[in-house]
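Please open the entry in your viewer and keep the sequence panel beside it. The stops below say what to select next and what is there.

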Amino acid sequence: MKIYNIALIGFGGVNRALAELIATKNPLWEQDLGFRLNIVAVSDLYLGSVISPNGLDAKTLVEANFAKGGFGGLSGGSAEADNEAIIKTAPADIVVEATFTNPTDGEPAVSHCRWALNSGKHVVTTNKGPVAIAARELKALAEANSVHFEYEGSVMSGTPVIRMAEKTLAGAEIKGFEGILNGTSNFVLGRMEQGLDFASAVAEAQALGYAEADPTADVEGFDVRLKVVILANELLGANLKPEDVACNGISKLSTSDIRAAAKAESRWKLVGSAVRNADGTITGSVAPKQLALGHPLAGVNGATNAVSLNTELLGPVTLSGPGAGRVETAFALLSDIVAIHNAHSPNFAKEAA
Ligand SMILES: NC(=O)C1=CN([C@@H]2O[C@H](COP(=O)(O)OP(=O)(O)OC[C@H]3O[C@@H](n4cnc5c(N)ncnc54)[C@H](O)[C@@H]3O)[C@@H](O)[C@H]2O)C=CC1
Ligand SMILES: N[C@@H](CC=O)C(=O)O
């Protein structure tokens, strides 16, 4: 049985949900997965930072109602979030990056990943910024340091689209994809269909933990644009940057547009897609589309996401599942740690006492 020491960077919805899972599921993971997780450090812009080489009690961490700078009151704690020192010096095997996604340059998360990989620590992240903007560099850094850079939760939350496509569909020749890749905007469109106004629907998505720290990223399509870049680069071998992908969101759709679509037996959906063109170039786009009710994506509701991968050998292969949510996304982090564990890297795991 292995123990993985982990450092949590960001302690918002997703990393807090991971800590909740650790508090209750470690015995099950020991039995079923062959490891348990031990939180040795946490750093959060609002709460401060704390290092405890022997491990912090996950239950206490999630149940204590810390105020701003509250980690300063813990043994080994500080009211400041010293991410760099925590990432470089905490005795962690794995750094779990779940700070906010910066759709412009990916920072400071790109730096967090660099510091961790250069320190010989694995990185698992749900943050779309570093993956969309710096995946090539970070994968090369991981390889150079014999560690992993894993990011399943960066697209479709805990629904395993990246691993499914790369591992299980290897050889099927993916030529393009089309999907609903943002839980918040899909949830908002559904609530507007039910008669709620746009602002109230966005507020509900925020309360449910689906939305980005700035929900503009969800409703203007910037979040889907990052996911289109990630999937196009991963699955189609593209080298797209966010600015290469045409992007329109849902904010201009009015309640009357949505009602009119319903009368025409159709629904508005925010669709992200990419395709390999005949000349080998790859084009991505994000745009609201009015889909007939019979369209496979028209029935995808709430924060559920779905993506249809167009393959040469199988035709379309469609995967659907949670696209947002705290626990759902924490599961993606667990799945990344399982992938690291299963790769049997010998240098990072500690035998249980
Ligand atoms: N919530 C979801 O359904 C999903 C979220 N993600 C991504 O996962 C990441 C985390 O999401 P949530 O936990 O929902 O966000 P959140 O907004 O609830 O939490 C982010 C936390 O990071 C902290 N933070 C921000 N900047 C920081 C910095 N420079 N240093 C240290 N801490 C910092 C904030 O104080 C906050 O506690 C985001 O990048 C998000 O895009 C990905 C898939 C789904
Ligand atoms: N805000 C995002 C969270 C997951 O990436 C969404 O709503 O899909």
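Is glutamate 212 buried or exposed? Glutamate 212 counts as buried because it has 20 C-beta neighbours inside 10 Å. The cut-offs are 20 or more other C-beta atoms within 10 Å for buried, 12 or fewer for exposed, and partly exposed in between, with C-beta atoms placed from the backbone.

Before going on, note that this is a predicted model, in which local features need pLDDT of at least 70 and side-chain atom pairs count only at pLDDT 80 or more, while totals for chains, interfaces and linings use all residues. Residues are numbered from 1 along each chain as its sequence is written, and chains are lettered from A and ligands numbered from 1 in the order in which they are written.

Helices (H or I, at least four residues) and strands (E, at least two) are DSSP runs, numbered from the N terminus. An unreviewed UniProt entry covers Glu212 with the annotation "binding site"; UniProt positions are in the numbering used here, feature names are shortened, and annotations may be inferred rather than shown by experiment. Leaving aside neighbours within four places in sequence, glutamate 212 is in contact (C-beta atoms, placed from the backbone, within 7 Å) with Thr101, Ala217, Asp218 and Asp223.

Now select ligand 2. Among the residues that surround ligand 2 are Glu212, Asp218 and Asp223, along with Ser157, Asn182 and Tyr210. A residue belongs to such a shell if its C-beta atom, placed from the backbone, lies within 6 Å of the molecule. The shell of ligand 2 divides into 3 nonpolar, 5 polar and 3 charged residues. Here Ala, Val, Leu, Ile, Met, Phe, Trp, Tyr, Cys and Pro count as nonpolar, Asp, Glu, Lys and Arg as charged, and the others, Gly among them, as polar.

**Lysine 227**

Move to lysine 227, in helix H10 (residues 222–235). The unreviewed UniProt entry lists Lys227 under "active site". Lysine 227 counts as buried because it has 26 C-beta neighbours inside 10 Å. Outside the four places on either side in sequence, lysine 227 is in contact with Lys128, Val155, Leu181 and Gly272.

**Ligand 1**

Select ligand 1 next. Its shell holds 30 residues, and the closest are Gly10, Gly12, Val14, Leu45 and Ala324. The elements giving two or more residues to this shell are H1, S2 and helix H12 (326–342). By class, the shell around ligand 1 has 12 nonpolar, 14 polar and 4 charged residues.

**The strands**

Show strand S1 (residues 2–9) and strand S2 (residues 35–44), which run parallel and are joined by 8 bridges. Strands pair if DSSP finds at least two bridges between them. From S1 the chain crosses through helix H1 (residues 13–32) to S2 in a right-handed β-α-β crossover, that is, with the strands pointing away from the viewer, the path from the first strand over the helix to the second runs clockwise. Alanine 7 has alanine 41 in S2 as its bridge partner. S1 also runs parallel to strand S5 (residues 94–97), with 4 bridges, and isoleucine 6 has isoleucine 94 in S5 as its partner.

Follow S2 into S3: the two form a hairpin with 3 residues between them. S2 and S3 run antiparallel with 4 bridges, and valine 42 stands opposite valine 50. In S3 (residues 48–51), Gly48 and Val50 point one way and Ser49 and Ile51 the other way, and all are buried.

Technical notes: Two residues are in contact if their C-beta atoms, placed from the backbone, lie within 7 Å.
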